[in-house]
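Here is a quick tour of one protein model, with an eye on its strands and its charged pairs. Have a look at the fold before reading on.

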Amino acid sequence: MTVNLPQILSCGCSRDPRFTPDHVHPGLELILVERGAASLETAVGTLSGTAGALFILRPGSHHDQRSPPGTRTWYLVAGADGHLDVALPEVLTLPTQDP
């Protein structure tokens, strides 16, 4: 059996990212808020989330990110394979567990 996985274009952790200016990625971007809060300004408006929020941005979506001090987010940009495409930027709230 052959499994085609998307290519990871970039990934990492943003510690205390108070402001990331408007930018765009060639692939689908996932941004997970580990702690704190984040707001993204997108073409469809402002998306906001706190710890446990997962932002999903389609390839080519212009966005910026604003976060208060103490926020930590993780991001992953994956290859722009049609199977990964989403209709609009969105944010999901994932269940969290207390340590």
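Is arginine 66 buried, partly exposed or exposed? Arginine 66 has a relative accessible area of 47%, so it counts as partly exposed. Keep in mind that this is a predicted model, so every value here is computed from predicted coordinates.

**The overall picture**

The protein has 0 helices and 9 strands, and reading along the sequence gives β-β-β-β-β-β-β-β-β. Of its 99 residues, 32% count as buried. The accessible surface is about 6200 Å², with 56% of that belonging to carbon and sulfur atoms. Among contacts with a separation of 6 or more, 77% are between residues 24 or more positions apart.

**A hairpin**

Now for one piece of the strand pairing. Strand S4 covers residues 37-42 and strand S5 covers residues 45-50; the two pair in the antiparallel sense over 6 bridges. The link between S4 and S5 is a hairpin of 2 residues. Alanine 37 has its bridge partner in S5, namely threonine 50.

**The salt bridges**

How many salt bridges turn up in a search of the whole structure? There are 2, and they go like this:

| Glutamate 34 | Arginine 72 | 3.6 Å |

As a rule, side chains of opposite charge can pair when their charged atoms come close.

Take the pair of glutamate 34 and arginine 72, whose side chains meet in a salt bridge. This pair links distant parts of the chain: glutamate 34 sits in strand S3 (residues 28-35) and arginine 72 in strand S8, 38 residues apart. Strand S8 itself runs over residues 72-78. Glutamate 34 is partly exposed at 37% relative accessibility, while arginine 72 comes out at 15% relative accessible area and is therefore buried.

What does arginine 72 touch, leaving aside its neighbours within four places in sequence? Its contacts are Cys13, Ser14, Arg15, Leu32, Val33, Glu34 and Arg35. So the salt-bridge partner, Glu34, is one of the residues in contact with arginine 72.

Back to the residue we began with.

How values were computed. Residues numbered from 1 in each chain as written. Predicted model: local features only at pLDDT ≥ 70, side-chain atom pairs only at ≥ 80, totals over all residues. Heavy atoms only, no water. Pairing = 2+ DSSP bridges. Helix = DSSP H or I, 4+ residues; strand = E, 2+ residues; numbered from the N terminus. Buried < 20%, exposed > 50% of the residue type's maximum accessible area, 1.4 Å probe, protein only. Contact = heavy atoms within 4.5 Å. Areas by Shrake-Rupley, 256 points an atom, 1.4 Å probe, with all protein chains shown as cover. Salt bridge = Lys/Arg side-chain N within 4 Å of Asp/Glu carboxyl O.
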